[in-house]
Amino acid sequence: MVREIQTLLFSHKHIHLRWFKAHVGYLGNECADQLAKEEITKGESFFLPKPLSYLKSEIRSDALSIWQDNWDNGETGRSKHDIVPRVSNKPVGWNREELIFITGHGPLPSYLLRFNLRTHDNCSCGENGDPMHYATKCRFILSRHFQTPTVSLKLRWLKNIRTNNLSRTRLRLLMSFICEENNLIVEGNH
């Protein structure tokens with residue numbers, strides 16, 4: 001349509017396009033406006049390609065939908081899914097220590113064993129060295145413990161920590177200590 005208009009303008013040199021302020025009584029402009037409204041109300045459709053912003057929005061929406069479906073039906077990350085059930089391309093505002101705790105990734109025996117960087121997953125106290133152990137049980141860091149939740153309330157406990165600023169601060173301090181003083185809490189790799 002644009003090319004047809006350009007061709008007509010080039011072949012009819014006496015036709016000029018100019019900008020006029022809308023709805024102030026210019027007869028030609030008011031007639032053009034009226035004709036456009038009549039065409040719209042006829043209900044006849046014509047092909048009008050979507051703007052790029054609309055297409056980007058649709059692609060983003062479809063990608064998030066696929067990502068959410070994979071997250072909901074995947075086999076990995078199930079414990080994280082319970083804490084963060086919705087995917088998003090917006091930052092969650094978590095720092096490194098919080099992510100280590102939520103994901104279990106980092107200098108923790110339970111994580112290092114998965115990648116054959118250790119031969120066992122024990123803490124220095126002899127128990128499984130996962131994030132919950134350090135947050136609630138490890139006898140070497142009693143002063144940093146959270147109250148141990150019951151099994152039925154563990155998910156609620158994790159969600160509450162995520163939304164409570166004081167708990168998040170305590171969690172950051174705990175995980176920071178574990179990262180900095182790893183040799184004190186991780187049993188030797190024999």
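Glu98, Arg168 and Arg172 are linked in a network of salt bridges, a salt bridge being a side-chain nitrogen of Lys or Arg within 4 Å of a carboxyl oxygen of Asp or Glu. The model is predicted, so local features need pLDDT of at least 70 and side-chain atom pairs count only at pLDDT 80 or more, while totals for chains, interfaces and linings use all residues. Residues are numbered from 1 along each chain as its sequence is written, and side-chain values use heavy atoms, with hydrogens and water left out.

By this rule, the count comes to two salt bridges. In one of them, the side chains of Glu98 and Arg168 meet at 2.7 Å, N to O. This pair links distant parts of the chain, with Glu98 in helix H5 and Arg168 in helix H9, 70 residues apart; helices are DSSP runs (H or I, at least four residues) numbered from the N terminus. Glu98 also forms a salt bridge with Arg172, where the closest N and O atoms are 2.8 Å apart. Here too distant parts of the chain are linked, as Arg172 lies in helix H9, 74 residues from Glu98.

How buried or exposed are these partners? Glu98 counts as buried because its relative accessibility is 3%, and Arg168 counts as buried at 16%. Arg172, with a relative accessible area of 26%, is partly exposed. The classes are buried under 20% relative accessible area, exposed over 50%, and partly exposed in between (1.4 Å probe, protein chains only).

The structure also holds one cavity of 30 Å³ or more, a cavity being a set of points, on a 1 Å grid over the protein atoms alone, where a 1.4 Å probe fits but cannot get out. About 50 Å³ of space lies in the largest cavity, a volume being the space filled by probe spheres set on the points, which are joined across faces, edges and corners. Its lining (residues with an atom within 4 Å of a point) includes Glu98 and Arg168, along with Trp94 and Ile102. Helix H5 (96–103), helix H8 (154–163) and helix H9 (165–180) each supply at least two lining residues, and the largest share, three residues, comes from H8.

Over residues 1–41 the chain is 61% helix. Asp33 sits in helix H2 (residues 27–42).

Terms used. 1 Å grid on protein atoms, 1.4 Å probe; cavity = no way out; pocket = protein on both sides within 12 Å on 5 of 7 lines; lining within 4 Å.
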